[in-house]
Amino acid sequence: MEYVVFNGEIIERSQAKIDVEDRGYQFGDGVYEVIRVYNGKMFTANEHLERLVSSAEKIGMKLGWSIGELESLFATLIEKNGLGTGIVYMQVTRGASPRNHAFPPAGVAQTLVAYTRDMKRPVNNFANGVKTILAEDIRWLRCDIKSLNLLGNILAKQKAAEAGCYEAILHRGEKITEGSSSNIFIIKDGAVITHPANNYILNGITRQTLEKICAASGIPFIEKEFTVADLLGADEIAVGSTTSEITPVVEVDGKHVGDGAPGHVTKKLQSLFDQEIERQCGKLAVNN
C-alpha cells in the first residue's frame, strides 16, 4: 500500500483527489521541491524546505505549514512507505477556486501534495559521464523561483532526449545559464566556475552544498558569468542537481570535453559530496 501527504494528512494514494479547478492544474500556480533520501533519511531537508518557503513568498503565497511540520510529515511518509534510497516530491498550489487569473479571495485553502519514489543513485553516470547538447534558454526571467511552470525546461530536456543526451545546457545569447534540470559547473585551472545565483538560474541545493564543500577543501568556487566559448574550452564540465548529484559531462554537441573522460577535479568533488551525504544520512551502499 502506498501513502501520500494530502493537505497535511497522510492517506492512501488512491484516496487523494485534486479539484479540476485547482490553480496548480490550470495555471501552474504553485511551487515544488524534491528532496533526496538515503538510508531512509532526507538529505539537506531544511535547505530544500527553506527554499520552498522562499519560492512561495516570491509568488505572494505564505505556506500554511511550517518547515518543522513539513519535515515531520515527510519523515513519517518515508517511514510508512518503507523508502530507503529515493526522493520525496512535494508541491503546494494556491488552491482550488473558480478560474480567474487574479488570486482567489482570502480563505481559499492551499493544496499540498507529497509522495515518495524509489530512485537509485545513477552510479554509471557518475563513473562514465554524460553527453549534453546546447539549447537556447527560452524560459521566463524568474528562474530563481522553483515554480510549477516548467514548459521551457521540458522542451529543452526533450530536445536533449531526442539527441540521445542526458541534459540540455542552456544559454541566453552567448551566456551560459544552467541546465534544463540542473546547475552547470565548468572547471578551469582547478577552479569551479558557475553562474551567479540571480534570477536567471535556480540556486540549487546541490550547488549550495558544493560551494560549502569547496570552501572547506580549499577549492576555488567562482560565481561569474561565462560564455559558450568558455564552456567548450573548459578543462572539465559537471552538472549538479538533487538527483544527478555531481555528474561529469564528457560531451557537448558531439565534441569531447577534455579527453572525453571524467576529470580529476570532478572526481574529487564527487568524493567530497559522498562524504557530506554520509555525514548526514549514514554509509552509502555501493550499489545505491
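A pocket is an open set of points, on a 1 Å grid over the protein atoms alone, with protein on both sides within 12 Å along at least five of seven lines, while a cavity is a set of points where a 1.4 Å probe fits but cannot get out. Lining residues have an atom within 4 Å of a point. The model is predicted: local features need pLDDT of at least 70, side-chain atom pairs count only at pLDDT 80 or more, and totals for chains, interfaces and linings use all residues. Residues are numbered from 1 along each chain as its sequence is written, and side-chain values use heavy atoms, with hydrogens and water left out.

**View A. The largest pocket.** This pocket holds about 940 Å³ of space, a volume being the space filled by probe spheres set on grid points that are joined across faces, edges and corners. Its lining has 40 residues, of which Tyr32, Lys146, Leu150, Ser180 and Ser181 are the closest to the centre. Elements that give two or more residues include strand S5 (86-93), strand S6 (111-118) and strand S9 (175-179); helices (H or I, at least four residues) and strands (E, at least two) are DSSP runs, numbered from the N terminus. Helix H5 gives the most, with 5 residues. The lining divides into 16 nonpolar, 17 polar and 7 charged residues, where Ala, Val, Leu, Ile, Met, Phe, Trp, Tyr, Cys and Pro count as nonpolar, Asp, Glu, Lys and Arg as charged, and the others, Gly among them, as polar. Domain 1 (3-118) and domain 2 (123-281) each supply at least three lining residues; the domain bounds come from an automatic or database domain assignment.

**View B. The largest cavity.** The structure holds 2 cavities of 30 Å³ or more, and the largest has a volume of about 70 Å³. Among its lining residues are Arg36, Tyr38, His48, Thr206, Glu245 and Phe273. Strand S3 (30-38) and helix H6 (205-217) are the elements that give two or more residues to this lining, and H6 gives the most, with 3. By class, the lining has 4 nonpolar, 6 polar and 2 charged residues. Because domain 1 and domain 2 both give residues to the lining, the largest cavity lies between them.

**View C. The second largest cavity.** About 40 Å³ of space lies here. Asp235, Glu236, Pro248, Val257 and Gly263 are among the residues that line the second largest cavity. Strand S13 (236-241) and strand S14 (245-252) each supply at least two of the lining residues. The lining comprises 6 nonpolar, 2 polar and 2 charged residues.

**View D. Helices H2 and H3.** Helix H2 (residues 45-58) packs against helix H3 (residues 67-81) at an angle of about 125°, and their axes are 10 Å apart. Axes are lines fitted to C-alpha atoms, for helices over the stretch in contact, and angles run from 0 to 180 degrees between N-to-C directions. H2 and H3 are therefore oblique to each other, as angles under 35 degrees count as roughly parallel, over 145 as roughly antiparallel, 65 to 115 as roughly perpendicular and the rest as oblique.
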